[in-house]
Amino acid sequence: MSEQQNIIIPDQETLPIDKAVATLRKAIYTCTESIEGLSAGLYTFSQPIPGADPLRWLVRQNLFPRVFWMNREKNFTLAGIGSADRIELDAPGSNRDSFERLVSTLAAKGPSVRSARYLGGFRFNNREKQDETWDGFPSFCFVLPLVQLTVEDNAFQLTCHLRIENKESVSEKRSQLLDALDLLDTGENSAEEQLPEMTGVTCIPDRELWTDCCRQALALFESGTMDKIMLARRTLLEFSSGFSPLLYLLHYPYPKNPTYRFYFEPEKNRAFISFTPERLYRRDGQVILTEALAGTCMKESLNGSDLRASEMLLNSEKDIREHGFVKDTIYRELQPISSSIEMEEKLRVLQLNRLAHLYTRCTATLKPEYCSDSMVLSLLHPTPAVGGVPREEAMQHIMNLEPFCRGWYAAPAGWISRDSAEFCVGIRSALVNAGNTNLYSGAGLVKGSNPDLEWEEVEQKIGDIMAITSHSA
């Protein structure tokens, strides 16, 4: 056991999941047998298990919150249930205040949580007036799962967390954890449910209002007050009955797409989901990896041709200019806090099933005094790809122009620990509430943009999720 991190691995051998549960229970009892000898902090119990599908494991569990994360490279997946610890805030204010509150609260928990990954998300704009659509999704909320199944570099682990704040809490917290283990469904098969019949689709704004909003944005470009803005649309899908939001993950039709999968279900059948291609950043110590992702080609008219999509993007003045705003902003904002920055000069193309995007990677080494996720989040969010240029003006225009609340859409979503973190940008997303689903997606406007083409781009971006509803019908 590590004296600081309190990490307990009961058995180095790989055990079947039912035996792993029994072994973890025994280890928890042994660890907590002498309450007087326990110090406050986090105790992590982790047992290697054979290969298992984290998503199908999560579907079988009935403890909330339920969370899921898969990175874009698909070499780290986490499925978690319950809450051993939670950091959250539900109060209006600046985004910077939210970022600083999360990081300072995590730091105050001491060295025992150093490698623990808290999973969650933020609001896009914490100054935006919230509405009931986003009830249950506060300014930010990050949870450390009570029990989780992870796959990292092909190593499978069943892990549980015991967070002790004082000696009086030991019995209660231990009972909570043991009850969760007792209720685990360790079976291997689950019924293959389908989404119910979709009964209605409503676009907010509708096409007429969308065109008007785009024209107002284009007028800002002509006046010289704005260079770029991303406008979004909410698409309300209504269904004949309620269903588990996990069905969207189960039936995602393009499993090889290089996208993140983010899922946060604070209460049963109410969840925020994102199938986003966009990394905000990954931090390991002082080194961060980020990127510019902007400029889009719809592949439907090209018969899905990757080569033609690349050619069109790399020869599109409008898309290269849109991408340049994002790339230049990232470099400029990282400069003051970095000892070195390596920004790729050559444009890449990220190929998805239905779309392709211009893509540039950037690696930076943070100066020691600026090595804080709150600093990086404050500098990078929102990127011009989901906000605009200039940033503050774009945030205000978005609130004025869009007839809905963005909530967690297009905000940082991911996991954070003391030593590392990874956040995606929560686009291509859905907010599920029992019998309805709100889809969120947007399009980046610059001078010369065509409102009709931008509408079609949004249609393509929600196409993956719409395909799930049709395949499951």
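Predicted model: local features only at pLDDT ≥ 70, side-chain atom pairs only at ≥ 80, totals over all residues.

Biologist: Which way does strand 12 pair with strand 13, and over how many bridges?
Modeller: Strand 12 (residues 261-267) pairs with strand 13 in the antiparallel sense, over four bridges. Tyrosine 263 has isoleucine 273 in strand 13 as its bridge partner.

Biologist: And what sits in the hairpin of strand 12 and strand 13?
Modeller: There are two residues between the strands, and asparagine 269 in that hairpin takes a positive phi near 65°.

Biologist: How many residues of strand 13 are buried?
Modeller: Five of its five, so "buried" needs a cut-off here: it means under 20% relative accessible area. Arg270, Phe272 and Ser274 point one way, while Ala271 and Ile273 point the other way. In a regular strand the side chains alternate between the two faces of the sheet.

Biologist: Switching topic: what covers the faces of strand 7, or rather, which residues are on each side?
Modeller: Phe140, Phe142 and Leu144 are on one side, with Cys141 and Val143 on the other, and all are buried.

Biologist: Which strands is strand 7 joined to?
Modeller: Strand 5 (residues 85-89) is joined to strand 7 by five bridges, running antiparallel. Strand 6 is joined to strand 7 by four bridges, also antiparallel. To give you a residue for each, leucine 89 stands opposite phenylalanine 140, and glycine 120 stands opposite phenylalanine 142.

Biologist: Where is asparagine 126?
Modeller: In the loop between strand 6 (118-122) and strand 7 (140-144).

Biologist: Buried or exposed, that asparagine 126?
Modeller: Asparagine 126 counts as buried because its relative accessible area is 2%, and the cut-off is under 20%.

Biologist: What does the side chain of asparagine 126 make a polar contact with?
Modeller: The side chain of arginine 123, at 3.1 Å. Leaving aside neighbours within four places in sequence, asparagine 126 is also in contact with several residues, including Ala91, Pro92, Ser98 and Ser139.

Biologist: How about leucine 183, buried or exposed?
Modeller: Leucine 183 is exposed, because its relative accessible area is 69% and exposed means over 50%. Leucine 183 lies in helix 4 (residues 170-183). In space, leucine 183 and glutamine 61 are 8.1 Å apart, C-alpha to C-alpha, though 122 residues separate them in sequence.

Biologist: Now helices. How many residues does helix 5 have?
Modeller: Helix 5 (residues 207-223) has 17, and spans 24 Å from its first C-alpha to its last, close to the 24 Å expected. Glycine 224 follows helix 5, with a positive phi near 85°.

Biologist: Which residues of helix 5 are buried, and what covers them?
Modeller: The buried ones include Trp210, Cys214, Ala217 and Phe221. The cover includes strand 11 (228-239), helix 10 (391-401), strand 23 (436-446) and helix 11 (451-461).

Terms used:
Residues numbered from 1 in each chain as written. Heavy atoms only, no water. Buried < 20%, exposed > 50% of the residue type's maximum accessible area, 1.4 Å probe, protein only. Polar contact = N/O pair within 3.5 Å; in protein donor to acceptor, adjacent residues only side chain to side chain. Contact = heavy atoms within 4.5 Å. Pairing = 2+ DSSP bridges. Expected span 1.5 Å × (residues − 1).
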